[in-house]
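The following questions and answers examine selected packing features of a single protein model.

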Amino acid sequence: MRLAYHLNKIPFLKDLILEVESQGEGIVLHAVGPWAEVVAPYLKNYLDWLSSRGALAQYKGSNVYSLYLPPIPSQAHARMVEGIIQTFFLKKPTPQAVTISVTNDCQCQCVHCSVPGPSQIYPPLSLEEINRVVEESIALGVNNITFTGGEPLLCSDLEQCISAVPQELAVVQVFTNGLTLDLRRALSLKAAGTYAVQISLDSPDPEENDRLRGKKGAFQSVREAVANALQVDLLVGLSTYATNRSIEDGSLKRIVELAGQWGVHEVSVFDVIPTGRLLRREEIMLTAESRKSLRKLELASNKPTKGPPRMSTQSWTNSGRGFAKSFGCLAGNYQFHISACGDLMPCDFTPLSFGNVRNHSVADLWKKLTSHPAYCRHQDKCRMQSLEFRNQYINSIPLNAHLPVLIEELESGKDDQPSVC
């Protein structure tokens, strides 16, 4: 498949044509027009790197290299390229992704849950409000929209939220515990326009998984949900998190092996982060030795000759090495999060609110976030795992505070504010 990318949001590049073509599992670039000799080498380097990893799947004739990226080539990916140029070369922060919580309700009681409780001020967003958030986010440049919870499948309006996303402009993912992802619901998600589902699994041992998620039968539900999603040709990811213990005892490796047996396309491995129910537990953070072992597992799992599942780790994203340098901490850089009650947060792990979408536009809140001293500069490491950041913003959150906390409330009365951008 071959598609011409036009960068119309960047005036001096409006006459540049980037023709992107998928050939087998690789991608070929043809650049024509002004600035081609400047832009093409950077884009070719990026596309060559993806090609070297191999495609996970095909989607509407295009190659899929990660469930977090639009298929290549596609108009949604063209928008991603445009956003990268705006962010890194023109210094105009442009979000690529938004996660939107459509409900706080959930059947599980996960030990690591980061979802805040019901707002004391605002009710949950309505369908109309969610659709407005989607529209305003896409206008900013977002090309990946992820619906989360709570458990998003408990939201009766979920398919209407999905179908409101223009498929040519953005892909849609759904993060789910899988408990109610039967074949009928999988078909419904597919018909609405879902690109991929990410299903949570915390342990390869059924009993331990069910204990960690506070729900008997959760493991078996995940296995069935994966099969149902694959049956209707949805792209499927397993979402899990790494702890020092799960790396050391081999549990994480066994999850990746299970994913391969089940036919999963990608395994997302987040770091265990002191947030939500674990907010005060800084001792749980990964050690340097654990990160080294996790990187070895990732490299072994992602050999081009191995095929799916691809293993994508937060530890690599935050490593500051190679292409990871362009990612770093995604919060307020690559993405933002909208809570079920409308708070705009840097990410769903960061219990800080920069305002509510009921009172401000998404564009205004994004500008406020990316202009803030804590977020106006690129940072390789996850801020929520930075002791300096936590001492400045997290550890001062009162024990009985309702989360997320408005950033101004934490900063009022402090004399040791960071320097302005």
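Q: Which are the buried residues of helix 12?
A: The model is a predicted one. Burial here requires under 20% relative accessible area. In helix 12 the buried residues are V362, L365, W366, L369 and T370.

Q: What arc do the buried residues of helix 12 cover around the axis?
A: The residues concerned are V362, L365, W366, L369 and T370. They lie on the same side of helix 12, because the arc they cover around the axis is only 130 degrees.

Q: Are helix 3 and helix 12 oblique or roughly parallel to each other?
A: Helix 3 spans residues 127–140 and helix 12 spans residues 362–371, with their axes 9 Å apart. The packing angle is about 55 degrees. Angles under 35 degrees would count as roughly parallel, and 65 to 115 as roughly perpendicular. The two helices are therefore oblique.

Q: How many nonpolar residues does the contact of helix 3 with helix 12 have?
A: Helix 3 contributes V133, E136, S137 and L140, while helix 12 contributes V362, A363 and W366. By class, one of these residues is polar and one is charged, and the number of nonpolar residues is five.

Q: Is S268 buried or exposed?
A: S268 is located in strand 11, which covers residues 266–271. Its relative accessibility is 2%, and the cut-off for burial is under 20%. S268 therefore counts as buried.

Q: Which residue has a side chain joined to that of S268 by a polar contact of 2.5 Å?
A: Not counting residues up to four places away in sequence, S268 touches Y68, Q198, L238, S239, T240 and S312. The polar contact of 2.5 Å links the side chain of S268 to that of Y68.

Q: How far apart in space are T103 and L154, C-alpha to C-alpha?
A: T103 sits in the loop between strand 6 (97–101) and helix 3. In sequence, T103 and L154 are 51 residues apart. Their C-alpha separation in space is 7.6 Å.

Q: Which residue has its backbone nitrogen 3.0 Å from a polar atom of the T103 side chain?
A: T103 counts as buried because its relative accessibility is 10%. Beyond its neighbours within four places in sequence, T103 is in contact with T148, G149, G150, E151, P152 and A340. The backbone nitrogen lying 3.0 Å from a polar atom of its side chain belongs to D105.

Key
Residues numbered from 1 in each chain as written. Predicted model: local features only at pLDDT ≥ 70, side-chain atom pairs only at ≥ 80, totals over all residues. Heavy atoms only, no water. Axes fitted to C-alpha atoms, helices over the stretch in contact; angles between N-to-C directions. Helix = DSSP H or I, 4+ residues; strand = E, 2+ residues; numbered from the N terminus. Parallel < 35°, antiparallel > 145°, perpendicular 65-115°, else oblique. Contact = heavy atoms within 4.5 Å. Nonpolar A, V, L, I, M, F, W, Y, C, P; charged D, E, K, R; others polar. Buried < 20%, exposed > 50% of the residue type's maximum accessible area, 1.4 Å probe, protein only. Polar contact = N/O pair within 3.5 Å; in protein donor to acceptor, adjacent residues only side chain to side chain. Arc of directions from axis to C-beta.
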